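Here is a protein to look around in. Take a moment with the picture, then read on for a short tour.

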Amino acid sequence: MTLRFLVASAVVVTVTGLAGWRAFGQQPPSASTVPGVTKEQVDRWIKEQSNWGRWGKDDQRGAMNLVTDAKRKQAVALARTGTVVSLARKPVIVPKAKSEGAGAHLEIELNHLDPSDYTVENQMLAFHGSTFTHIDALCHGDIKGTLYNGFQLKDVVRNNGCQKLGIDGLAGGVVTRGILIDIPRLKGIRNLEPGSHVYPADIEAWEKQAGVRISAGDAIFLHTGRWITGKTSGYDITIAPWLKARDVVLVGSDGTQDVSEVPGYALPLHKFILIALGANIIDNADLGPLSETAARLKQWEFLFVAGPIATPGGTGSPLNPLAIF
């Protein structure tokens, strides 16, 4: 892990001051403003649904505290066939000069070492944005200088990494029950229309059809069919209190979660998940293979395993998350 990588991932945290989807090099969908959901409502949700102090005033793990030994044992028992599915989108080489709004890019430089006859490489990767499959650390987002559990931006974020709430807090990896939420399959279509909103009622309808119920300690993954169209759909902001009620520890999708625009907030659902819940986020997963495998096995819950690169103070990590059936 090079210093350049660390600085690149740390600096990207500043994009929260940009305007919504445009911070990620995308245009917001035309019906993105949700009637009735205001900045004041999101502020109330963040206050009322907060996990701050739940595990102590110095806690840095957030919702991941809900992944107990018993939860891991439950998850491991779901691996019955040995079938493994990657949830990662294949990385693409994107030069920095051609990167999107958040600066997401990947550059690789190979060097052959003579006379030892080994080939080595340097990688320059900035993974936040809408290009690479990655996990967000809790220090990735703030609201006017306040992060999860009341930690202050001025005390946490430095050019060389986050002093608290960094991705190294997940050095032990994530092992828990994963659940696929396959809304196109629920609706009998290949993919959602770009910009579609997924509401709590949609998820509960999927739970009924699939015979599963999302519960404390689960990681959830929303399949929308994004990589068929190349354009994003996602969770509606009104899912915020539902996530707290179910005690979800990790929110993933094939997009970047947010399709709702709330005036005064850049990516409001991102903010709620990271700051109020202290839950991690996986963006830009490729859930097509997972959807096909789950349908073939008729099993929508699975052992979920992820091992982020524990960069000291990193705001996240590129990721190859795995579902094991």
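## The whole chain

Among contacts (heavy atoms within 4.5 Å) between residues at least 6 apart in sequence, 78% join residues at least 24 apart. This is a predicted model, where local features need pLDDT of at least 70 and side-chain atom pairs count only at pLDDT 80 or more, while totals for chains, interfaces and linings use all residues. Residues are numbered from 1 along each chain as its sequence is written, and side-chain values use heavy atoms, with hydrogens and water left out.

You'll find 10 helices and 15 strands here; these are DSSP runs numbered from the N terminus, helices being H or I with at least four residues and strands E with at least two. Of the 325 residues, 55% count as buried, meaning under 20% relative accessible area, with exposed being over 50% and partly exposed in between (1.4 Å probe, protein chains only). The protein exposes about 13,800 Å², and carbon and sulfur atoms supply 53% of that. Such areas come from the Shrake-Rupley method with a 1.4 Å probe, and for residues only the protein chains shown count as cover.

## A sheet of nine strands

Nine strands make an open sheet with mixed pairing, in the order β1-β15-β13-β7-β9-β11-β12-β4-β14. Two strands pair if DSSP finds at least two bridges between them. The edges belong to β1 (84-86) and β14 (316-318), each with a single partner strand, so one side of each has no neighbour in the sheet. From one strand to the next, the twist averages 25°; angles run from 0 to 180 degrees between N-to-C directions, using axes fitted to C-alpha atoms, for helices over the stretch in contact.

β1 and β15 run antiparallel and are joined by three bridges, with Val85 partnered by Ala323 in β15. Next, β15 (residues 322-324) pairs with β13 in the antiparallel sense, again over three bridges, and here Val305 stands opposite Leu322. β13 (residues 301-306) also pairs with β7 (residues 174-182), antiparallel over six bridges; Thr176 has Phe304 as its bridge partner.

## Two helices to look for

Helix α10 (residues 288-297) lies across β1, β7, β9, β13 and β15, running at about 85° to β7. Its buried residues are Leu290, Ser291, Thr293 and Ala294, and their cover includes those strands and α5 (183-187). After α10 comes Lys298, with a positive phi near 55°.

How many of the residues of helix α9 are buried? The count is 10 of the 10, so α9 (residues 268-277) is largely enclosed by the rest of the structure. Among them are Phe272, Ile273 and Leu274. These buried residues pack against α2, β4, β10, α8, β11 and β12. Just after α9, Gly278 takes a positive phi of about 65°.

Ala88 sits in the loop between β1 and β2. Ala88 and Asn320 are 232 residues apart in sequence, yet 5.0 Å apart in space, C-alpha to C-alpha. Leaving out residues up to four places away in sequence, Ala88 touches Thr133, Asp286, Leu319, Asn320 and Pro321.

Now find Ile108 in strand β2. At 42% relative accessibility, Ile108 counts as partly exposed.
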